[in-house]
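Please walk through this protein chain with its sequence and its structure side by side. The paragraphs below go from the chain as a whole to its sheets and then to single side chains.

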Amino acid sequence: MKLWEKNYVLAMGLIMLILYGSMFFVLRASFKMNFDNVCNIAIRNEQSIAYLVQSFLNEDTEYTKLKLYCQGMQRQGSLFSIYRGDTWIVGGLPFQIPSGSQDIQMLREGNTRYLFINNSFSGQDGNKYTLYYTEDMGELYDNHTKQLILLAGFACILSLILAAVLYFSMKKIYYPIDNIAHELRTPLTSIQGYAQYILYGKIKEEDIQYAGNRINEEAVYMNDIIERLLVMENVRDGKIVMERVELSALFNVVEMHYPDVVIDNQMDYVLGDRTLLLSLLLNLLSNTGREGSNIHISAAEHKIIIYNLEDAMDENMAKILNGNRKIPREKVKGKGFGVHLCHEIVKLHHGQLRYEVVEGGGMRVTVYFP
């Protein structure tokens, strides 16, 4: 597993922990608040019923009014029973009264949960009466289950979105690093090989000169990669200076690096960061000039076009380059790192970069400026 993949798994694990942990605590706090509200309402209802029951017991009515009152309350959904001592008087419960019951407790009958309240008091006749009151908590738990399912579904969708965004973001961030490592490995291997050749081999003076030149060339190439890295850092940090950049000055520098390039400039200036624009042109020329030297540059109507009629490119490769996707190793040819850098610079200047296959052979790269 690559480093960025390990970081991705670690980051997603932390995100999932925070997301589902937060969901759990929110649901728990919400349920506790609703549960306490239902309990308080049930206690007030029980106290109200107990007060009325005592008033009925103080009258010599042989429980007639009490029975009528209980029947009316039961039709409204209240469930309670009244006992005189151990003798049932009126009411009904959906379950047997538990022995040694506490004053307030939760009971479960089948799939339904009940809040059970037991309240004892003395009547005017000197007998001990007990009111057993129950509150159906099924609706509360059903709502809690629905909230749990909804939040779990929302958290699942959100985690999938975050996972996709984080995956492609981290892949994009680490994408140049893979190409940089690939490009640095080649010159480093070459430098190490020539250095060992000089140190341990019995070679002629002209061979030493040749090896020294190759080491110098590879060191210059590595320095170029490091310069690109610094440019990439500025691109990511947004450290750019937008100003009027004279194209003639940029092309003068380009000609110093590529003296055989034919330039036709019909534009005075572009708005952007001079360092990044120069890096853009040099990288595009480096990418398009790997094969052949018949390179033309034209600048007109808010676009810069680079032609190379000798560098063959198929339509599939053009799609890969335009999509800024990872290029297969066997097709890299030095394009991978530079292409990504060019896309980032053009995007920062709110423009577009397009690679095209020229009919009859060759390739064309167009930079569109706003």
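Of the 370 residues in the chain, 37% are buried, where buried means under 20% relative accessible area, exposed means over 50% and partly exposed lies in between, with a 1.4 Å probe and protein chains only. The model is a predicted one, in which local features need pLDDT of at least 70 and side-chain atom pairs count only at pLDDT 80 or more, while totals for chains, interfaces and linings use all residues. Residues are numbered from 1 along each chain as its sequence is written, and side-chain values use heavy atoms, with hydrogens and water left out. The chain has eight helices and 12 strands; these are DSSP runs numbered from the N terminus, with helices (H or I) of at least four residues and strands (E) of at least two. Among the contacts in the chain with a separation of 6 or more, 60% are between residues 24 or more positions apart, a contact being heavy atoms within 4.5 Å.

Strands of a sheet pair through backbone hydrogen bonds, either parallel or antiparallel. Axes here are lines fitted to C-alpha atoms, for helices over the stretch in contact, and angles run from 0 to 180 degrees between N-to-C directions.

Within this sheet, strand β1 (residues 79–84) is joined to β2 by four bridges, and the two run antiparallel. Ser-81 has Gly-91 in β2 as its bridge partner, and Ile-82 stands opposite Val-90 of β2. The two strands form a hairpin with two residues between them, and Gly-85 in the turn has a positive phi of about 65°. Strand β1 also pairs in the antiparallel sense with β5 (residues 128–136), over six bridges, and there Arg-84 has Tyr-129 in β5 as its bridge partner.

Aromatic side chains come next. The structure holds 11 aromatic pairs, counted when the centres of Phe, Tyr or Trp rings (the six-membered ring for Trp) lie within 6.5 Å, with planes under 30 degrees apart called stacked, over 60 edge-to-face and the rest tilted. One of these pairs is formed by Phe-95 and Tyr-114, which is tilted, with 5.3 Å centre to centre and 50° between the planes. Because Phe-95 lies in the loop between β2 (87–91) and β3 (104–109), while Tyr-114 lies in strand β4 (residues 112–122), the pair ties together parts that are 19 residues apart in sequence. Both Phe-95 and Tyr-114 are buried, and together with Tyr-83, Phe-116 and Tyr-132 they form one aromatic cluster.

Rings also meet charged groups. The charged end of Arg-113 sits over the ring of Tyr-141, 4.2 Å from its centre, and that of Arg-244 sits over the ring of Tyr-269 at 3.8 Å from the centre; the rule asks that NZ of Lys or CZ of Arg be within 6 Å of the ring centre and within 35 degrees of the ring normal.

Another open sheet has five strands in the order β7-β9-β10-β12-β11, with mixed pairing. Its edge strands, each pairing on one side only, are β7 (262–265) and β11 (352–357), and neighbouring strands are turned by 10° against each other on average, direction ignored. Helix α5 (residues 247–257) packs on this sheet, touching β7, β9 (295–300) and β10, and its direction makes about 180° with that of β7. Strand β11 pairs with β12 (residues 363–368) in the antiparallel sense over six bridges, where Arg-354 has Thr-366 in β12 as its bridge partner.

Glu-310 is placed in the loop between β10 (303–308) and α7 (315–322). Because its relative accessibility is 44%, Glu-310 counts as partly exposed. Glu-310 and Met-363 are 53 residues apart in sequence and 7.9 Å apart in space, C-alpha to C-alpha.

Finally, the cysteines: Cys-39 is buried at a relative accessible area of 12%, and Cys-70 counts as buried at 1%. A disulfide is a pair of cysteine sulfur atoms within 2.5 Å, and by this rule the count comes to zero.

Terms used
Pairing = 2+ DSSP bridges.
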